[in-house]
Amino acid sequence: MTWLLMPAAFLLDLLLGDPQWFPHPVRLVGKLASGAEALFRGMRFLPLRLAGILTAVTVIVTTVAVLQLLVWQAARLHPLAGVAVSVLLLYFAIAPRDLAAHAAAVRDALLAGDLELARRRVAMMVGRDTASLDDEGVARAAVESVAENTSDGVIAPLFYGILFGPVGAWLYKASNTLDSMFGYRNERYREFGWASARFDDLLNWLPARLTVLAVAGAAFILRLDPAATFRSVTEGATRHESPNAGYPESAFAGALGVTLGGERSYGGVTKTVPTLGIREGAMEAATISRAMRLMYATTTLFLAAGVIILIFIHYITISTIL
């Protein structure tokens, strides 16, 4: 059944996006995480790392248990209710249209010549300082965000949703939310956020690398450069400080014929990160559009491949039993 649920959820996202009027389930996960943090930090006898581990376990187990119970209860009412709840949960776990909308807003501001607006809009996509970015810097930040979020915002939840249904997708989303809240290397979270960051790295390890294959396939379909995709990943992915983010970013850089990374600022502190990519292509509003098309092609191709594999496995299993 999952091979039908996931495409339905993907299509629903393409049609509706992320409705701002509806309370997104990830906000509830965030509130749960904040409550768990306050609870376990309040236990002064616990070492910070252990408190962080207990927080992560509590949030993930609670999320999975509650959503599994919700799916079961809906299915008990009526099979179609179970299907509807499953599709909605999968729909809320992915966000390709929302990602594209944020990128398009930055692109449109650049095309209108409003650099200040473009800086404010790209600040909603990245964690770096954006006040001093020029047009090229804004476009690069937007493309990097599209590349990284193609993997951890779309491909990874698709991957776990295809394998394990809505509960699998939300196990991943809970982990990713924990990492976004606690996975910082600062004084407050270096120890407390250790478990959240490591578990998110573990869950993203395979999807990040599968994203490279999907980007190369999408590059071929879009008549970009699949060979440069692999070369860029081979030469640059492991230079990234993240064990996973370098793979989709390098893949996008190679396929689009641009370079990502370089100098950036966080909280007024300048930092230089490794340059990814093998060509110094133009970085402008049009590059953001190309990155958006590559994101859509990559995620659609990945979903199609996953569904085909599921159907094949189902067919082989049935044939073996018969």
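## Helix contact and cavity

The axes of helix α6 (residues 115-123) and helix α7 (residues 135-182) come within 10 Å and cross at roughly 25 degrees. Axes are lines fitted to C-alpha atoms over the stretch in contact, with angles from 0 to 180 degrees between N-to-C directions. Angles under 35 degrees count as roughly parallel, and α6 and α7 are therefore roughly parallel to each other. The crossing of α6 past α7 is left-handed (the near helix is turned anticlockwise from the far one by less than a right angle).

The table lists the residues in contact (heavy atoms within 4.5 Å).

| Helix | Contact residues |
|---|---|
| α6 | Leu115, Ala118, Arg119, Val122 |
| α7 | Asp135, Val138, Ala141, Ala142 |

Six residues of this contact are nonpolar, none polar and two charged.

This is a predicted model, in which local features need pLDDT of at least 70 and side-chain atom pairs pLDDT 80 or more, while totals for chains, interfaces and linings use all residues. Residues are numbered from 1 along each chain, and side-chain values use heavy atoms, without hydrogens and water.

The structure holds one cavity of 30 Å³ or more; a cavity is a set of points on a 1 Å grid where a 1.4 Å probe fits but cannot get out. The largest cavity has a volume of about 40 Å³, counted as the space filled by probe spheres set on the points. Its lining (residues with an atom within 4 Å of a point) consists of Glu144, His240, Glu249, Gly261, Arg264, Val273, Pro274 and Leu276. Strands β1 (260-266) and β2 (269-276) each supply at least two lining residues, and β2 gives the most, with three. By class, the lining has three nonpolar, two polar and three charged residues, with Gly counted as polar.

Note on methods: On a 1 Å grid over the protein atoms alone, a cavity is a set of points where a 1.4 Å probe fits but cannot get out, and a pocket is an open set with protein on both sides within 12 Å along at least five of seven lines; lining residues have an atom within 4 Å of a point. Helices (H or I, at least four residues) and strands (E, at least two) are DSSP runs, numbered from the N terminus. Angles under 35 degrees count as roughly parallel, over 145 as roughly antiparallel, 65 to 115 as roughly perpendicular and the rest as oblique.
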